[in-house]
Structure formats: C-alpha cells, structure tokens
Amino acid sequence: MSAALRPALLDEAQHDPQAKARLGALLLALVVLWPLAQLAEFRPWLLFDGANLKVMGNFLAGFLPPATNAEFLGLLLKATLETLAMATAGIALAFVLALPLAFVMTQSLSVSRIGPGPGRWRSLAARAAVRALLTLLRAIPEVVWALVLVRALGLGPAAGVLALAITYGGMLGKVYAEILESSDTRPARALLEAGSGRIAALCYGLLPAAAQELASYTVYRWECAVRASVVMGFVGAGGLGQLMDQSMKMLNGGEASSILLMFLALVLLADALSAGLRKLLA
Amino acid sequence: MIEAHVSATDRAQAAGPCLTCMAAMALIVVAVVASFAYLGIDYRALVAGDSLRLMLKFIKEFFPPDMSGAFLAKTAWAALQTLAVSALGTLLAVVAGAALALPAAGRLGTAARQGARLVLNLLRSVPELVWAALMVLAAGLGPFAGVLALALHTSGVFGRLFAEALENAPREPERALHDAGSGAIAAFVYGSLPLVMPQWLAYTLYRWEMNIRMAAVLGFVGAGGLGQMLYFHLSLFQQAQASTVLGAMCVLVVLVDALSSRWRRGLAPAYA
C-alpha cells in the first residue's frame with residue numbers, strides 16, 4: 001500500500017501546493033494595480049526625461065555650498081523664530097479651545113450620570129454635540145485650514161496660528177477627555193456624590209492622577225506643531241515653509257539646502273526638548 | 001543617578017510645591033507670551049466690527065456648495081486619484097522600506113547598518129509636502145510627483161519600523177533552515193519573514209490610512225488629486241466649488257477613519 005502511494009506523494013512534492021493560489025493572487029494584483037497606475041499617472045520614465053533631468057540637476061547642483069550670506073541668514077533666523085512662535089502660539093490657543101470642550105465631554109464628570117437626575121438627556125445631548133464638534137475640527141488637516149484662512153486673513157503667520165488652533169484644539173480636546181476617562185475615576189465620583197461641584201471634582205478628583213499624561217501629550221503635540229508649521233508655510237502661512245517655497249520657485253538650490261538643514265536642526269531640537277520635558281514630567 | 005533624582009523630587013514634594021514644576025510653568029508662560037508678541041498678530045482687529053462682517057461674508061461664499069452633476073463627477077474622479085496616489089505610494093514604500101530594513105537591522109554588517117540608518121533618517125525627517133515640492137521639479141506637475149513624495153517619506157518610516165520588527169523577531173527558525181543547508185534567501189523567506197509579516201502588514205495598513213489623508217493635501221504644490229483641485233478653485237475665488245472639494249475631503253477622511261478602526265478591531269486578536 002505504501003509502495004503504491006509513494007510515487008504519487010513524490011509527484012505531489014515536486015509541485016508547489018499553492019501554485020494556483022499564488023498565480024491567482026498575482027493576476028488579481030495586476031488587475032488592481034493597472035487601473036491604479038493609470039489613475040495616478042504612474043510614468044517613471046518622466047524622471048529621466050531630458051528637460052526634467054536638467055532642471056533637477058541644476059537645482060541639486062546648487063545645493064552645495066548652502067547659502068551663507070549675512071542677509072539670507074538673517075531672513076532664515078527670522079523665519080525660524082517665526083515658525084517656533086507659530087507652533088507655540090497655536091498650541092496655546094488650541095489648549096484654551098480644548099480645555100472647556102474636554103471638560104464638557106468627560107463622562108466621569110457628569111453629575112446626572114450618578115443618579116438619573118433631571119438634566120440627563122440635556123447633558124447627553126451636550127456631550128454628543130461637543131463630540132461631533134471636535135470630530136469636525138479634527139477632520140480637516142491643518143494645511144487645508146491654513147490654505148483657506150490665508151484667503152481670509154492674508155499671507156502671514158496669523159492664518160497658520162488659527163489653523164493650528166482649530167485642528168489641534170480638536171485633537172487635544174478628544175485626547176484630554178479620553179485620558180480623563182481612562183484614569184481612575186473613583187475619586188471624582190466620590191467627590192461628586194458628596195456634593196462637590198464639577199470643577200472641584202476635576203481639580204481634586206481627576207487631575208492629580210492624569211496631570212502628567214495630559215502635560216506630556218500637550219508637549220508631544222507641540223513637537224508635531226513645529227513640524228506642521230513648517231509645512232503650512234508652503235501655502236503662505238509664514239515661517240520657514242514660506243521661505244522654502246520662495247527659494248524653490250526661484251530654483252535657488254543654495255538657499256533651499258540651507259533651509260532644509262535649518263529645518264532638520266529645528267525638528268531635532270524640538271524632539272530633544274519635548275523628550276526632555278516629558279522625562280521631567282514622568 | 002536616576003534614583004537620586006527621584007528621591008530629590010519626592011523630598012521636594014513632601015516639602016511643599018515643586019520648584020522645578022513652577023519654574024517650568026513660568027518658562028512656558030513666558031514662551032507663550034513671547035510668541036504672541038513676536039508674531040504681533042492683532043487679534044482684536046480680527047473680531048472688530050468690520051473684519052468680522054468680512055469674515056462672515058467670506059464664510060457665506062462657501063455656501064451652497066456646487067452640487068451640479070458634472071462637478072460632482074470631477075470631484076469623485078479626483079478623490080479616486082487621491083486614493084490611487086496613496087495606495088501606489090504606500091506600495092512602493094513597502095518595497096523600498098523592506099529593502100532598506102535588511103541592512104538597517106544589521107544583517108549586512110555594521111557599516112551597512114549605519115549607512116542604511118542615516119538614509120532612513122534623512123528620508124523620514126523631510127515632510128511629505130517638501131518631498132512633493134521637490135518631486136514636482138523632478139517629475140513635472142501631476143499625481144506621479146505625489147506618488148514619489150509619499151513613497152520617499154514613507155519608505156523612511158517603514159525602513160525603521162520593519163527593521164525594528166526584524167531585530168525583535170527570534171532568529172532560531174532562520175538559523176535552523178540555514179544549518180540544514182538552505183540558501184540565505186530561502187532561509188529568510190521561510191524562517192524570518194512569516195514571523196514579522198503580521199507586524200509589517202499592520203504598519204502598512206496604518207501608514208496607508210495616514211497617506212490617504214496626506215495625499216489629499218499634496219496637491220497644494222501641484223501633485224494632483226483633491227488638493228490640486230482645492231488649490232485651483234480657491235485661487236480663482238470659486239468658493240462654491242472649493243467647498244464641494246472640502247466636503248469630499250471630509251467624507252474621505254471620516255470614511256477611512258471609520259473603516260480602519262473597524263478593520264483594526266477585526267485584526268486586533270491576531271496582533272495583540
């Protein structure tokens with residue numbers, strides 16, 4: 001019996017048992033990828049097109065040496081400070097926006113949830129409304145807000161600061177509420193049951209346990225805001241990004257490489273500062 | 001030294017209000033005030049009577065959105081293009097990231113490891129939008145520049161994440177295959193790849209989700225999709241059309257959020 005089976009087994013072993021499945025997957029991938037490539041106008045040979053190569057080559061050749069004349073360095077320093085100030089001011093406004101919204105949205109601070117009080121449905125509706133508002137604030141990326149606000153407020157950092165405040169306000173509010181709800185809520189509940197007000201319950205019941213995490217997340221968001229404010233400059237919201245956009249439009253490689261180096265240094269600095277602050281808090 | 005630090009903090013807390021915290025607080029307040037002062041934005045002018053009215057007028061121009069069939073079709077096409085850009089960009093990044101992860105995980109010697117890490121850090125620290133502005137120069141206007149920009153930044157991210165997964169995976173299966181006489185490639189594909197594949201896949205899905213959001217924005221510098229449409233119509237002061245595109249962006253983002261959270265909940269037990 002085993003002698004009869006052996007040739008068949010050997011024969012099977014010669015073949016990839018999953019050959020059909022693999023072939024099917026390959027075909028399916030091609031069928032999906034082809035329209036995708038068409039839609040995205042996937043034309044790698046454009047990279048090696050003579051005119052494009054020349055433009056890019058000249059631009060990259062200009063990268064070395066980076067521009068270091070005094071006038072440009074002054075502009076660069078000013079733009080860097082502006083980027084940092086934009087991020088800090090934006091986060092401060094976002095914090096002011098997020099605080100009351102998170103306070104309203106936190107379930108563990110709801111008095112009416114303890115006993116079915118008279119305002120139960122009203123407070124449920126208020127929480128749902130705030131949740132929807134926060135989702136709306138977060139849903140549109142900050143660069144898009146910046147692009148729209150530049151039309152209303154003119155070129156410059158004002159649009160960037162407001163854009164950061166809107167998007168990051170939505171993010172901070174949501175995460176604050178989540179942190180407050182995921183920490184130990186029993187002290188707050190005990191305070192509320194003993195008849196204290198909501199603000200007192202927040203300050204003495206929830207904050208002592210959650211303050212570090214809240215502060216650490218805010219610092220992390222500041223680090224993200226530094227990066228975002230560089231990007232927002234590309235749509236005209238001031239700072240390093242705007243300077244970079246101008247240099248690129250004039251195909252000035254030396255200036256572009258100086259700005260890129262400054263940008264990398266700034267991001268590293270923000271990373272280190274934020275890591276240090278968070279370690280201090282931990 | 002860390003212990004000394006902790007006990008010092010404890011002592012300070014026992015003694016009364018923490019001095020370091022108060023100093024940090026004061027520093028933060030100073031930084032915020034200085035930022036507002038440096039920017040010199042006149043926020044009172046923003047809420048003064050006239051500009052408030054102008055602002056309201058500006059907002060009103062966005063309503064009602066352009067809902068004509070032809071324009072909706074155009075917006076849907078641009079949304080599809082955004083999806084295609086994000087998918088292709090992520091796919092290219094998976095390939096490049098995996099290729100860079102092997103040296104970055106230290107499989108080809110220390111020099112290759114340091115070199116690969118440097119390349120990955122450079123790729124990762126330049127934001128997508130800056131890459132897109134560069135790629136528009138290299139490949140011309142259009143969605144292909146967006147694909148390249150996403151691929152460059154994301155391969156930096158993937159390279160690092162994939163390399164970390166590889167370093168954390170146990171080496172025994174691969175070594176066993178190797179010792180049994182299989183080649184290096186076969187040993188990797190059958191010994192290590194199955195171990196890291198679920199994690200790589202999870203990272204890929206997560207980054208794809210982020211890239212969809214990013215691809216909608218990349219068009220601002222001329223890299224196609226919804227972003228380019230929004231930039232175009234805002235530049236022509238066609239607020240009604242711009243508001244339709246904004247609505248489409250919102251729908252795309254919320255949809256991706258909902259789908260991915262559901263998908264990830266379905267996947268969760270496999271990765272937990």
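This is a predicted model: local features need pLDDT of at least 70, side-chain atom pairs count only at pLDDT 80 or more; totals for chains, interfaces and linings use all residues.
View 1. Buried residues account for 38% of the 282 residues in chain A. Of the contacts in chain A with a separation of 6 or more, 76% link residues 24 or more positions apart.

**View 2. Helix H6 against helix H7 in chain A.** Here H6(A), residues 142–153, meets H7(A), residues 157–182: the axes come within 8 Å and cross at roughly 140°. That angle is why H6(A) counts as oblique to H7(A). As for handedness, the crossing of H6(A) and H7(A) is right-handed. On the H6(A) side, the contact is made by A:Glu142, A:Trp145, A:Ala146, A:Leu149, A:Val150 and A:Leu153. H7(A) answers with A:Ala158, A:Ala159, A:Gly160, A:Leu162, A:Ala163, A:Leu164, A:Ile166 and A:Thr167. Sort the contact residues of this pair by class and you get 11 nonpolar, 2 polar and 1 charged.

**View 3. Helix H4 against helix H9 in chain A.** H4(A) and H9(A) pack at an angle of about 145°, and their axes sit 9 Å apart. This crossing of H4(A) and H9(A) is right-handed. H4(A) brings residues including A:Thr83, A:Met86, A:Gly90, A:Phe95 and A:Phe103 to the contact. From H9(A) come, among them, A:Leu202, A:Arg221, A:Trp222, A:Val226 and A:Val230. The class tally for the contact of H4(A) with H9(A) is 11 nonpolar, 4 polar and 1 charged.

**View 4. Helix H10 of chain A and what surrounds it.** In H10(A), 9 of the 11 residues are buried, so this helix is largely enclosed by the rest of the structure. The buried set is A:Gly239, A:Leu240, A:Gly241, A:Gln242, A:Leu243, A:Met244, A:Asp245, A:Ser247 and A:Met248. These buried residues pack against H4, H7, H9 and H11 of chain A, together with helix H7 (128–139) of chain B. After H10(A) comes A:Leu251, which has a positive phi, near 55°.

**View 5. A:Leu99 in helix H4 of chain A.** A:Leu99 is partly exposed, with 14 other C-beta atoms within 10 Å. For a sense of scale, take A:Leu99 and A:Met250: they are 151 residues apart along the chain, and their C-alpha atoms are separated by 43 Å.

**View 6. The side of chain A that touches chain B.** The contact takes 42 residues from chain A and 41 residues from chain B. On the chain A side, the elements giving two or more residues are helix H2 (19–39), helix H3 (50–61), helix H4 (70–105), H6, H7, helix H9 (198–232), helix H10 (239–249) and helix H11 (253–281). H4(A) supplies the largest share of that side, 7 residues. By class, the chain A side has 35 nonpolar, 2 polar and 5 charged residues.

Note on methods:
Residues are numbered from 1 along each chain as its sequence is written. Chains are lettered from A and ligands numbered from 1 in the order in which they are written. Axes are lines fitted to C-alpha atoms, for helices over the stretch in contact, and angles run from 0 to 180 degrees between N-to-C directions. Helices (H or I, at least four residues) and strands (E, at least two) are DSSP runs, numbered from the N terminus. Angles under 35 degrees count as roughly parallel, over 145 as roughly antiparallel, 65 to 115 as roughly perpendicular and the rest as oblique. A crossing is left-handed if the near helix is turned anticlockwise from the far one by less than a right angle, and right-handed if clockwise. Two residues are in contact if their C-beta atoms, placed from the backbone, lie within 7 Å. Ala, Val, Leu, Ile, Met, Phe, Trp, Tyr, Cys and Pro count as nonpolar, Asp, Glu, Lys and Arg as charged, and the others, Gly among them, as polar. A residue is buried if 20 or more other C-beta atoms lie within 10 Å of its own, exposed if 12 or fewer, and partly exposed in between; C-beta atoms are placed from the backbone.
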